[in-house]
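Okay, thanks for coming, everyone.

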Amino acid sequence: MRDSLITLLTTILARAFPTWRLPARVTFERILIIKPCCLGDVLLATPVIAAIQRAYPHAQIDFAVGSWSRPVVANNPRLHGVVDSGRVGQGAYGWRDVWRLAKQLRAHDYDLCLTLDRSPRVGMVAWLARIPLRAGLDSGGRGFAHNIRVPVPPIRYEPELYLDVARAVVPQTSRAKFEIDHSEFFPTADDIASVATILPDSALSTSSPPPQSGAREARGGDMHSPLIAVHPGGGNNPGMVLASKRWPPERFAAIAERLIAEHNATVVLIGARDDAPLTRAVRAAMLHPRPAGEGRGCPVPQAAPADAANAAWHRVKGELIDLTGLLTIGQLGALYQRCALMLGNDSGVMHLANAVGTPVVALYGPSDPRVYGPYDQKSLALWHEVGCNPCFVNGRARADCCPHHSIDALSEDEVWEAVQIVLRRQGVVQS
């Protein structure tokens, strides 16, 4: 009922906001991209930055984003600046927050804004900021404040949907998926150096040196000892916690154990501080536990939470390293650059691995990989339609969505086979 009323109201309002046709020849000096949330969505929006920069190489491009997701674009060399969008577009926020952001943006005199968000309130920010040309998503009439409106089909791959907005102002933007545009993340030199200090000597000696920031090159190291990241968490974003995205920890443990036993892999458990119970459960479920320091499956003592700016690294020599809660987003991206593979649930940090060129095996349950899947050709996404999923409508989770059995439908055997396929494609393991 609420969605129907919003759609009716915004459809009526659209009559008061005329649309424009872009002139045949136009240049822009100051361009704003708005995508407040969340980590994965912002990473999937980074191809738009590249597309706009190619089209208008002399323009100043800024990106408006919330503090939660700011780290994924903060070091992007294509951007002139990053604007704090405050609470707008993240969880609960009101019109006062919208007005505050709009007043902040007015001072920048932008002449073009691309809004990559379905919310009508986020869409009104550019209009209230008096930006003359406003291109954005028009989901069910909610993009009424845009004067260049981009339709949102029922099923459309999310990064391609964002690129549709770029195509509305840059017709030459690539049309074929993966043709030119891909998600990007740029760790700093300090991030790369920090990661080099915490990996075991064996991992450093057998892994490829990290490529230049943002490069998408083969990596993953020696085929006899690949470095593989495992992330059992996910489903946490401002205003939403969706635990049904998480594959059972004991199944992650089984895959990790096989990677160590069959491929002599160094497995790195990763996650935010809130993911510590999940990574502890993975360690507890791994076969043949031994005292710390005795090799495969050894339980790693839980390190104290680290300050992101002054991390107290916990280093474990062996085949299992637990870095839960110890890495900043930039350091995690630098770690991924050394990995042959990232295995994890649908999450922002899965898309982060993709953005530095690391192949992923991504596990989906309530979300639909046709919309939110990894954005490259080297990765695999696993998903079973079980009758109650996908669970997202207009970017929000349905209240009646199935709790866990959609993600539970993924078996250990099919996940293991997907891992094997991705590693074989890179030559990390032999057929």
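Before I start naming neighbours, one cut-off: when I say two residues are in contact, I mean that they have heavy atoms within 4.5 Å. And keep in mind that what you're looking at is a predicted model.

So, with that cut-off, take Ile 52. If you skip its neighbours within four places in sequence, Ile 52 is in contact with Ile 31, Ile 61, Leu 114, Ala 166, Val 169 and Val 170. Ile 52 also shows up in the largest nonpolar core, which has 70 residues; there, Ile 52, Leu 335 and Tyr 336 touch the most other members. Which helix gives the most to this core? That's H2, residues 39–55, with nine residues. Apart from that core there's another one, of 32 residues, including Val 230, Leu 341, Leu 382 and Leu 410. For background, nonpolar side chains tend to be buried together in soluble globular proteins.

Let me zoom out for a second. The protein chain has 14 helices and 16 strands. It runs to 431 residues, and 57% of them count as buried. On contact order: take the contacts between residues at least 6 apart in sequence, and 63% of those join residues at least 24 apart.

Is Asn 345 buried or exposed? Buried, because its relative accessibility is 0%, and the cut-off for buried is under 20%. The side chain of Asn 345 has a polar atom 3.0 Å from the backbone oxygen of Pro 232. Leaving out residues up to four places away in sequence, Asn 345 touches a whole list, among them His 231, Gly 233, Lys 245, Trp 247, Phe 252 and Leu 363.

Let me pick some of those up. Trp 247 and Phe 252 first. A search of the whole structure finds three aromatic pairs. One of them is Trp 247 with Phe 252, in an edge-to-face arrangement, 5.2 Å centre to centre and 85° between the planes. Trp 247 counts as buried, at 1% relative accessibility, and Phe 252 does too, at 0%.

Then Lys 245. You'll find it in the loop between strand E9 (240–241) and helix H8 (249–263). Lys 245 counts as buried because its relative accessibility is 9%, which is under the 20% cut-off. The side chain of Lys 245 makes a polar contact with the side chain of Asp 346, at 3.2 Å. Lys 245 and Asp 408 are 163 residues apart in sequence, yet 9.4 Å apart in space, C-alpha to C-alpha.

Tyr 372, in helix H12 (residues 369–372), is 213 residues along the chain from Pro 159, with 8.1 Å between the C-alpha atoms. Tyr 372 counts as buried as well, at 14% relative accessibility.

While we're on rings, there are a couple of charges over faces. Arg 121 lies over the face of Tyr 93, at 4.1 Å from the ring centre. Arg 30 lies over the face of Tyr 110, and there the distance to the ring centre is 5.9 Å.

Last topic, the cysteines. A search of the whole structure finds one disulfide. Which cysteines form it? Cys 37 and Cys 38, with the sulfur atoms 1.7 Å apart. The link of Cys 37 and Cys 38 is right-handed, with 70° about the S-S bond, and both residues are buried. As for other cysteines, Cys 113 is buried at 0% relative accessible area, and Cys 339 is buried at 0% too.

That's my tour; questions welcome.

Notes
Residues are numbered from 1 along each chain as its sequence is written. This is a predicted model: local features need pLDDT of at least 70, side-chain atom pairs count only at pLDDT 80 or more; totals for chains, interfaces and linings use all residues. Side-chain values use heavy atoms; hydrogens and water are left out. A disulfide is a pair of cysteine sulfur atoms within 2.5 Å. Buried means under 20% relative accessible area, exposed over 50%, partly exposed in between (1.4 Å probe, protein chains only). Rings of Phe, Tyr and Trp (its six-membered ring) pair if their centres lie within 6.5 Å; planes under 30 degrees apart count as stacked, over 60 as edge-to-face and the rest as tilted. A charge sits over a ring if NZ of Lys or CZ of Arg is within 6 Å of the ring centre and within 35 degrees of the ring normal. A polar contact is a pair of N or O atoms within 3.5 Å; within protein, one must be able to donate a hydrogen and the other to accept it, and residues adjacent in sequence count only if both atoms are side-chain atoms. A nonpolar core is a set of buried Ala, Val, Leu, Ile, Met, Phe, Trp, Tyr and Cys residues joined through side-chain atoms within 4.5 Å. Helices (H or I, at least four residues) and strands (E, at least two) are DSSP runs, numbered from the N terminus.
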